[in-house]
Amino acid sequence: MSNDLWRTPPEVIDYIKSRFEVIKLDLCASMTGRVCEEYLTESDDFLLDANLDVEINESTYNLFQGDLCWMNPPYSNPLPFVKQAIKWSAAGYAVAGILNNDTSTKWYLELEANAAIIMPIMGGRIAFLDDNGDPIGSNNKPQLMFYLAPFGSKTKSVEHVHIDEIYPNGKPKKNKVK
C-alpha cells in the first residue's frame, strides 16, 4: 500500500481538535479514510481553484470562513497541495495537516513562509492506518503537523509535539506491510 493512501489515525485528529477546533472539511479524503462528515475525495479535486469559491463551499460543504479544514495529502507530491492549502488560508479558512518532516523540500519552504505554526513530532513516528483502519508498521520517516491560520498569519512559531501528546495511552501495535 502506497503511503499516498495511508489514513490519518484518530489520535492525530483528536490532538488537532484539542489544539484548534472541530474539523469541518477533509480536503484529501477517501470514502473510507475521511476524518469528518464533509470531505473532498480525489475525484472532487482539492487542487481546483473553483473549490475555493465561498458560495460553493458554503452551500455544498457547509463551510464558512474561519472554519478548520484538514489535509493529509499524497506524500509523493505534496507541493501542489501545500500551495493550494495556502490559497485556502488566504481566502479565510484555517488548514491543519500532516506531512513528512523534511526541511529540504520546496513544500516545507512554502509552509515555513506561510504557516502560523509548524509542529515537528518528536520521540516517535505516527502509526498511519491502512485501508482496514489497522496501524501500519513501516512508517520510516518523522512527521510534522502544521496550522495555516484564516487569512494568513503574521505570527510564526515552531512548537515541538512529543509523540506521547498524540498517543497519551501509548501507540497502537502495528502491522507489517507486505
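**Entry 1. Starting question**

What covers the buried residues of α4? I looked this up before anything else. The cover includes α3, β3 (94-100), β4 (117-122) and β5 (143-148). I use "buried" for under 20% relative accessible area, "exposed" for over 50% and "partly exposed" for in between, with a 1.4 Å probe and protein chains only.

**Entry 2. What I am looking at**

I note that this is a predicted model, in which local features need pLDDT of at least 70 and side-chain atom pairs count only at pLDDT 80 or more, while totals for chains, interfaces and linings use all residues. Residues are numbered from 1 along each chain as its sequence is written, and side-chain values use heavy atoms, with hydrogens and water left out.

**Entry 3. The chain as a whole**

I find 5 helices and 7 strands in the chain. Helices (H or I, at least four residues) and strands (E, at least two) are DSSP runs, numbered from the N terminus. Along the sequence I read the pattern α-β-α-β-α-β-α-β-β-β-β-α. The chain has 178 residues, and buried residues make up 46% of them. I take contact to mean heavy atoms within 4.5 Å. Of the contacts between residues at least 6 apart in sequence, 76% join residues at least 24 apart.

Which residues of α4 are buried? I list W107, Y108 and L111. Seen down the axis of α4, these residues fall within an arc of 100°, so they line one face of the helix. The arc is that of the directions from the helix axis to the C-beta atoms. K106 and L109 are exposed on the other side of α4. I checked L109 separately, and its relative accessibility is 52%.

**Entry 4. How α3 meets α4**

Two packed helices are described by the angle between their axes and the distance between the axes. I looked up both for α3 (residues 79-90) and α4 (residues 106-114): the axes come within 9 Å and cross at roughly 15°. Axes are lines fitted to C-alpha atoms, for helices over the stretch in contact, and angles run from 0 to 180 degrees between N-to-C directions. The two helices are therefore roughly parallel to each other. Angles under 35 degrees count as roughly parallel, over 145 as roughly antiparallel, 65 to 115 as roughly perpendicular and the rest as oblique.

On the α3 side, the contact is made by L79, V82, K83 and I86. On the α4 side, I note K106, W107, E110, L111 and N114. These residues divide into 5 nonpolar, 1 polar and 3 charged. Ala, Val, Leu, Ile, Met, Phe, Trp, Tyr, Cys and Pro count as nonpolar, Asp, Glu, Lys and Arg as charged, and the others, Gly among them, as polar.

**Entry 5. Helix α1 and Y15**

In α1 (residues 10-19) I find V12, I13, Y15 and I16 buried. Down the axis of α1 they fall within an arc of 160°, so they line one face of the helix. An α-helix has 3.6 residues a turn, so residues three or four places apart point the same way.

I then followed Y15, which has a relative accessible area of 8%. What does Y15 touch, not counting residues up to four places away in sequence? The list is M119, M145, V161, E165 and I166. Y15 and E165 are 150 residues apart along the chain, and their C-alpha atoms are separated by 7.6 Å.

**Entry 6. Two buried loop residues**

T41 sits in the loop between β1 (23-26) and α2 (54-61). T41 is buried, with a relative accessible area of 14%. Leaving aside neighbours within four places in sequence, T41 is in contact with A29, S30 and M31.

D67 is in the loop between α2 and β2 (68-71), and counts as buried at 11% relative accessibility. With neighbours within four places left aside, I find D67 in contact with E21, K24, N62, Y93 and A94. The C-alpha atoms of D67 and I23 are separated by 7.4 Å, at 44 residues apart along the chain.

**Entry 7. Positive phi**

Most residues other than glycine have a negative phi, and most peptide bonds are trans. D45 is not a glycine, yet has a positive phi of about 55°. D45 lies in the loop between β1 and α2 and is partly exposed, at 30% relative accessibility. F151, also not a glycine, has a positive phi of about 65°. I place F151 in the loop between β5 and β6 (157-158), where F151 counts as exposed at 54% relative accessibility.
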